[in-house]
Amino acid sequence: KSLSLICGALSWLRDFEEKKQQEEARLLALEESGEEGKKRPSSAEPGHPESRETAGEPDWVTAFVQKREERDMVERLKEEQIRRKKREDRLEKIRHNVQLKYAAKRKRSEEDETKRLLQLSKEILSEGAGVDVLEQPDHNEEELILAEYESDEEKKVASGMEEDDDDLEEEHVTKIYYCSRTHSQLSQFVREVQKSPFAKDTRLVSLGSRQNLCVNEEVRRLGALQLINDRCMEMQKNKHEKKSDEENEGKKRRVSRTVCPFYSYEQMQFLRDEVLVEVKDIEQLVALGRETKACPYYGSRYAIPAAQLVVLPYQMLLHEPTRSAAGIKLKDQVVIIDEAHNLIDTITCIHSAEVSGSQLCCAHSQLSQYMERYRKRLKAKNLMYIKQILYLLERFVAVLGGNVNQNPSCQAVSQTGTVLKSINDFLFQSQIDNINLFKVRRYCEKSLISRKLFGFVERYGGPATAVKTNKENQKLAGLQNFLLTLQQGSDKEGDSPLEAEKDQLRTASPLMQIEGFLSALTNANQDGRVILNRQGTVGQSSLKFLLLNPAVHFAKVVEECRAVIIAGGTMQPVADFREQLLSCAGVDPARVVEFSCGHVIPPENILPIILCSGPSNQQLEFTYQTRDLPQLMDETGRILCNLCNVVPGGVVCFFPSYEYEKQVYAHWEKTGLLARLATKKKIFQEPKKASQVEQVLVEYAKCIKRCSQAGGQMTGALLLSVVGGKMSEGINFSDDLGRCVMMVGMPYPNIKSPELQEKMTWLDKTMPRAAGQAPSRVLIENLCMKAVNQSIGRAIRHQKDFASILLLDHRYARPAIFNKLPQWIRERTQVKPAFGSAFAELRKVRTCLLCPA
């Protein structure tokens, strides 16, 4: 799949570039020979229908304007050619000149040595000078105080519009943005590009988050993405301010603040060129960054304009603020979104936001303390906006039924339950409809208030900091106690380090989360809902924004791009992409082209069976009402026992949920069926914690390998998994790891979930009925079948792979459901009303494929 996308897209790009260059050469040749004016039919000729009547201009003016436009275009083409030639020469030089690399390395080590000596001499000087230590904290606090804030309107009035410095930036060449879901999928794709015939002459750059690309160990150690981002931004700011600090040094000695040693413009330019010369994946990029002492995160961004293929996670491309911050320009470019089966969910998640009562109270407390401490030093505009944010926080807590001035963990909620509101209703009920949320959002972005607040809390709010009892610090004692109570409340037993880290980040920096929620409230009223979830205490209650219409955020991508390719291994059913994403985004149906192809494996290498009843003729129907019946759980166990007797290697069995898997496992343990299964296959269960998945998979693979080599009664392993869990996506059960995949029942989503119910109501109101079915019904079926297709697709991973697929539920045979299976599986599927004939087929396949001729 990856190679098909690479070869198709890059062949097109190469042809497109060639045509463009030929056209440019033709135009420049015409200009040089002075024939441009003669050849072009001028609409400025007398009697031409478009002359005076339409334009209302004299002929000579039209001719002059046209001539100037032609001249400008030729000038632009010449500039572009010069720029392209320079870039190609530079890259060619680097490609073939090894000495250049050594010279750059030598220069770097010399610079490092000079810096070290300078630092030493500074330290020696400062020791002798006896610096006034008491002055330092004052200066340290400068970075915590908000700069004077002007809204955009005021700026325009004052400066007559901001100057555009886009001219300084290198022009973007025509490129392809390739997005996938995870870092490992992107690395896999880059490795395929390296193997392809295009590797030598394609300029490729991989983008990622700071968490993946940062090479500064001090920053990496912070762990949480938000903390890494903030520390990085702070270090950059220190770098920009350093010069002015040195100029103003005079009498008062400034404290030297840390600057990132990897954030060097020259080094990053060098890294950019190295990246463009040869295709590198993220691991190679990070290694190069360490070696060249250059930041891979920013160095890779510098490479975007000149790159032909940009590889990035799709969250980065689908979220507009992240996109513009990274310098990604989609105008007239090609976007390929791979692994797109959950694209709608991803867009919904990126643009939804949730805040808890404890976060709201914590942010209110922190911001109040901040305002009190710096009240005299903050300008009026800042105070006005801070008061507005405090008022918003107060109202949000009041809507949950609490008071911001009391501990959220101790306030019980009188009316528990979940309520859904439209955005406007929520704003009215909260009594905040008179506040301009767009302005508040812009203020938060421009003033970096959450960052300042985080620095303030880090300095004064941590339990480890000893608070002096002078008047200034007495005000902060309340904040400290408040944070301590929150921390005690969140110290639950059995939390993984990752969850503990998240808790720590939430208590340390709640305003960042809240900014996301405020931003979500600026969506159009019909496109989202606010969910008020009142539970037990105010601290446990939450406000959640749910995006209903993902198309509003996808529309910009579709409008700007030359082409958008939505691709995936198992994309069926595709109707919801067409309707919910493309039609709603205003895409002309004629622009949408669907293409689906078969599989590389021969037809006999896969045996999909829909099984309607078990060995004792018990009908298989796993509805929410019937699936708990002991006889149905027994029947599932018998089928699995029979399977394990004939299927070698690994068997993966998918259940609709963790709860049901647990229930069935306990039942089998009680009836002794588990012990019978264990004689043939060692049993593994999918862990709930992501950190344990790798370990279980390694053990599972080892066991299968051991059994295949040792022979004997034990033939492999059985893995009990969950649809939509860690094993149902992105993990390959190739070869012996998955000789049979069994799906127990149909994994329909929880229809009682308020979010899903709201989405169903919204679809029924906005979407047309399809083939007599309500859109909400289609949504439920599509969600179920997408999950099934993802899970069963885990078994066949390469051309020579083979496996059987067993779908346990007679409802799979219904035409509406059956037609939503991937075409390559559907064509080969057999519907078996009784178990006997299905078992015979499984034995036959085993004989054909496993026994030597």
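User: Hi! Leaving out residues up to four places away in sequence, what does Ser776 touch?
Analyst: Hello! Ser776 touches Met760 and Asp764. Keep in mind that this is a predicted model.

User: Thanks. Which side chain does Ser776 make a polar contact with?
Analyst: That would be Asp764: the two side chains are joined by a polar contact of 2.9 Å.

User: Where does Ser776 sit, and is Ser776 buried or exposed?
Analyst: Ser776 is part of helix 33, which covers residues 775-792. Ser776 counts as buried because its relative accessibility is 9%, and the cut-off for buried is under 20%.

User: How do helix 32 and helix 33 cross?
Analyst: Helix 32 spans residues 754-766, and its axis comes within 7 Å of the axis of helix 33, with a crossing angle of roughly 130 degrees. That angle makes helix 32 oblique to helix 33.

User: Which residues meet there?
Analyst: From helix 32 there are Leu756, Lys759, Met760, Leu763 and Asp764. They meet Pro775, Ser776, Leu779, Ile780 and Leu783 of helix 33. By class, the residues of this contact divide into seven nonpolar, one polar and two charged.

User: Changing topic: what about Cys644, buried or exposed?
Analyst: Cys644 is in helix 28. With a relative accessibility of 1%, Cys644 counts as buried.

User: And what is Cys644 in contact with, beyond its neighbours within four places in sequence?
Analyst: The contacts of Cys644 are Leu677, Lys680, Lys681 and Thr715.

User: How many bridges join strand 4 to strand 9?
Analyst: Four, and the two strands run parallel, with strand 4 made of residues 334-337. Val334 stands opposite Ala563 in strand 9.

User: Which order do the strands take in the four-stranded sheet?
Analyst: There the order is 5-8-7-6, again open, and the pairing is antiparallel. Strand 5 (353-356) and strand 6 (417-422) have a single partner strand each, so one side of each is left without a neighbour in the sheet. Neighbouring strands here are turned by 15 degrees against each other on average, direction ignored.

User: What joins strand 5 to strand 8?
Analyst: Four bridges do, and the strands run antiparallel, strand 8 being residues 537-547. For Val355, the bridge partner in strand 8 is Leu543.

User: Which helix lies across strand 5 and strand 8?
Analyst: Helix 18, residues 357-374, running at about 70 degrees to strand 5.

User: Last one: what is the phi of Leu448, and what about Asn617?
Analyst: Most residues other than glycine have a negative phi. Leu448 has a positive phi, near 55 degrees, and Asn617 is also positive at about 60 degrees.

User: Where are Leu448 and Asn617?
Analyst: Leu448 is in the loop between helix 21 (437-447) and helix 22 (449-460), and Leu448 is partly exposed at 35% relative accessible area. Asn617 lies in the loop between strand 10 (606-611) and helix 28 (630-646). With 62% relative accessibility, Asn617 counts as exposed.

Key: Residues are numbered from 1 along each chain as its sequence is written. This is a predicted model: local features need pLDDT of at least 70, side-chain atom pairs count only at pLDDT 80 or more; totals for chains, interfaces and linings use all residues. Side-chain values use heavy atoms; hydrogens and water are left out. Two strands pair if DSSP finds at least two bridges between them. Buried means under 20% relative accessible area, exposed over 50%, partly exposed in between (1.4 Å probe, protein chains only). A polar contact is a pair of N or O atoms within 3.5 Å; within protein, one must be able to donate a hydrogen and the other to accept it, and residues adjacent in sequence count only if both atoms are side-chain atoms. Contact means heavy atoms within 4.5 Å. Axes are lines fitted to C-alpha atoms, for helices over the stretch in contact, and angles run from 0 to 180 degrees between N-to-C directions. Angles under 35 degrees count as roughly parallel, over 145 as roughly antiparallel, 65 to 115 as roughly perpendicular and the rest as oblique. Ala, Val, Leu, Ile, Met, Phe, Trp, Tyr, Cys and Pro count as nonpolar, Asp, Glu, Lys and Arg as charged, and the others, Gly among them, as polar.
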